[in-house]
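User: I would like to learn how to read helix packing and sheet order in a model. Please take me through one.

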Amino acid sequence: MLRAGREAPDDAISLLSPKRILAVDDSPTYLHALADQLRDEGYDVAQATSGEEAIDLLAVQHVDCILLDRLMPGLSGAETCARIKAAPVVRDIPLIMLTSLEGRDAMIDGFSAGADDFISKSSGLDVLKARVQAQIRRKQFEDEHRSVREQLLRTEHEAAEARAARELAETRAALVEQLERTNRELATANRELADSNRKLAIANRELEAFSYSVSHDLRAPLRAIDAFTRALDEDAGDRLDPPSRNHLRRVLAATGQMSDLIDALLALSRISRAQLVRAGVDLSKTAAAVIDELRRRDAERNVEVIIEPDLRCCADGKLMRVLLDNLLGNAWKFTSKCAHAEIQFGWQQRDDRAIYFVRDNGAGFDMAYASRLFQPFQRLHRPSQFEGTGVGLATVQRIVERHGGRVWAEATPGEGASFYFTRA
Ligand SMILES: Nc1ncnc2c1ncn2[C@@H]1O[C@H](COP(=O)(O)OP(=O)(O)OP(=O)(O)O)[C@@H](O)[C@H]1O
Ligand SMILES: [Mg+2]
């Protein structure tokens, strides 16, 4: 098999450098005579006496043209030609088949083996010279043509690559610019958010301090109104007519209600101000304690309560007690008109997160008003239906928020309500 043994590619060989011809013939006499004649014409000549030798030589030497005898023992001219033309590295070297007296069939045989030309040995040197030159020139034209085409392709390819690189760089630059712009906008938005949060926190603190001191300061005059009204009732009650006594009782009821409101407000502001102390809390036990307390206060009620055991979490134990006081207290209160009241405290898992819930089958409410539930003093039922100040769920929300969680509710009027809460 022919291998790439040439020292330089075709197109690197100068047009003017002496051309080397490989002459192949089994007759040393003819071979030497041919070589001498070609040398006289200025060619460099390599010789081989068989097809095999020629193939070996081509593997290590560059030649510009091959003159190949058609009739040789061993590997014939046609077989040698076929092998040379099958080897990618040397197949483009012009190959001229030399014949003795063979006729048309031999010529066809040679051309079908891949020979580029055909010369009779009897044709004389002039013909041989002219045909060799013509073949070498053809090969040179082809090489030049190929080299120009390759150069053109390379240039086009380089231009396309450069265009693609420029487009890529422009796209990347635009992306980086966009990213920087977005980052700048994000940083500004974050600064503004942090600023608003700071202002909000200050406003909240001021509001809490204000509501704390107002609630606190209202207590003393309220106590005085309550005490003096009671004194008036005791001292002069029996001298007053029934409508006036009724007015006194109404004043006392109103002071009692106002006192409850102030207590609730103070409790709410205490929750916002108290330091959060997180520890392991057994929510099931806390819930059971709240229910025991409710049963003691309302011994005549028969409520079915289901508490899921061993619900533990890391939270502020005192605040969790206040939270469950409110949620279970509401469930207790809003089932008071049920023939068979049921309350449940449990949990569900959603996306690796524990969601605790308090569920009842009581009065429920219209979900259209659900957004008002957690605002202070907002009540969805009239005092004549169910008593209350409307601060309980605001307290619950404050507690849940302080634990980094969320609270929400679902309900249907007349069928009950479920309150859910999470914590961070
Ligand atoms: N379990 C429930 N079932 C039906 N409605 C409820 C339930 N819990 C709360 N609500 C509705 O939400 C309102 C606000 O609840 P919240 O606990 O804040 O106030 P309250 O119970 O009326 O008074 P407070 O808790 O301050 O004594 C209630 O008045 C009621 O209309
Ligand atoms: Mg309540």
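User: At roughly what angle do the axes of helix α6 and α9 cross?

Analyst: Two packed helices are described by the angle between their axes and the distance between the axes. This is a predicted model, where local features need pLDDT of at least 70, side-chain atom pairs count only at pLDDT 80 or more, and totals for chains, interfaces and linings use all residues. Residues are numbered from 1 along each chain as its sequence is written, while chains are lettered from A and ligands numbered from 1 in the order in which they are written. Here the axes of α6 (residues 242-273) and α9 come within 10 Å and cross at roughly 5 degrees. Axes are lines fitted to C-alpha atoms, for helices over the stretch in contact, with angles from 0 to 180 degrees between N-to-C directions. α6 and α9 are therefore roughly parallel (angles under 35 degrees).

User: Which residues make the contact of α6 with α9?

Analyst: Ala267, Leu268, Ile271 and Ser272 of α6 meet Ala394, Thr395, Arg398 and Ile399 of α9 (C-beta atoms, placed from the backbone, within 7 Å).

User: What is the strand order in the open sheet?

Analyst: Strands of a sheet pair through backbone hydrogen bonds, either parallel or antiparallel. The order in this open sheet of five strands is β7-β9-β10-β12-β11, with mixed pairing (two strands pair if DSSP finds at least two bridges between them). Strands (E, at least two residues) and helices (H or I, at least four) are DSSP runs, numbered from the N terminus. β7 (303-307) and β11 (407-412) are at the edges with a single partner strand each, so one side of each lacks a neighbour in the sheet.

User: How many bridges join β9 to β10?

Analyst: Eight, and the two strands run antiparallel; Phe345 has Val358 in β10 as its bridge partner.

Technical notes:
Angles under 35 degrees count as roughly parallel, over 145 as roughly antiparallel, 65 to 115 as roughly perpendicular and the rest as oblique. Two residues are in contact if their C-beta atoms, placed from the backbone, lie within 7 Å.
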